[in-house]
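This report looks at one helix and the nonpolar core around it. The model comes first.

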Amino acid sequence: KTIMELARQIPVLAETDVLVVGSGPGGLSAAIASAREGVDTMLLDRYGCFGGVLSQVGVEGIAWYRHEQTVESNGIGNEFEVRAKEIGGSSKETQSDSEALDAEMFKIVADKMVLEASVHPLLHAMAVDVIMEGNVVKGVVTESKSGRQAILAKRTIDATGDADIAARAGAPYYKAP
């Protein structure tokens with residue numbers, strides 16, 4: 001069975017230069033880096049905090065690759081560890097030369113870094129569709145307790161972890177059974 005959904009007007013919540021959808025470590029890094037360059041940036045996440053599986057599931061580390069003689073880029077990922085350690089929000093990771101991040105303390109680190117960079121945060125809102133112009137993503141449609149709203153963007157970064165935006169935009173993908 002199917003139903004027909006009526007056409008409706010969706011209010012535009014925001015217009016931005018860069019919209020990052022998904023706020024795990026990759027999305028956080030993308031949004032913070034963009035905003036630090038002076039670009040108007042918005043970060044959207046369906047949950048009530050930033051961090052993705054790090055803060056939602058408690059995955060402790062993002063630098064599991066770091067072992068003796070690893071050359072570290074000292075990017076934003078490393079900054080997450082340093083900032084968490086400064087507030088007592090990490091401990092030595094047992095299998096690598098990195099820090100295990102405390103999920104609850106990481107939420108504080110993420111909030112501070114987002115605000116310091118002047119990223120426009122939007123939590124508790126899920127991207128449910130894409131706004132296309134030809135084959136270019138021009139933004140997303142969100143759903144939240146505020147209803148359906150649109151965010152228009154010059155550039156949209158899919159950091160959802162499951163390529164939700166890319167798939168909705170028509171990019172080829174493979175779904176495991």
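Phe106 touches Leu28, Gly51, Leu54, Phe80 and Leu101, leaving aside residues up to four places away in sequence; contact means heavy atoms within 4.5 Å. A separate core of 13 residues lies apart from it, with Val21, Met42, Leu122 and Ile151 among them.

The largest nonpolar core has 20 residues. Leu28, Leu43, Phe80, Phe106 and Val119 touch the most other members. Two or more residues each come from strand S1 (12–21), helix H1 (25–36), helix H3 (76–86) and helix H4 (103–116). H4 gives the largest share, five residues. A nonpolar core is a set of buried Ala, Val, Leu, Ile, Met, Phe, Trp, Tyr and Cys residues joined through side-chain atoms within 4.5 Å.

## The sides of H4

Ala103, Phe106, Val109, Ala110, Met113 and Val114 of H4 are buried (under 20% relative accessible area, with exposed over 50% and partly exposed in between; 1.4 Å probe, protein chains only). They cover an arc of only 130° around the axis, so they sit on the same side of H4; the arc is that of the directions from the helix axis to the C-beta atoms. The face turned away from that buried side carries exposed Leu115 and Glu116.

## Ends of H4

At the start of H4, a side-chain oxygen of Asp102 comes to within 3.1 Å of the backbone nitrogen of Glu104. Just after H4, Ser118 has a positive phi of about 65°.

## Basis

This is a predicted model: local features need pLDDT of at least 70, side-chain atom pairs count only at pLDDT 80 or more, and totals for chains, interfaces and linings use all residues. Residues are numbered from 1 along each chain as its sequence is written, and side-chain values use heavy atoms, with hydrogens and water left out. Helices (H or I, at least four residues) and strands (E, at least two) are DSSP runs, numbered from the N terminus.

How values were computed:
Polar contact = N/O pair within 3.5 Å; in protein donor to acceptor, adjacent residues only side chain to side chain.
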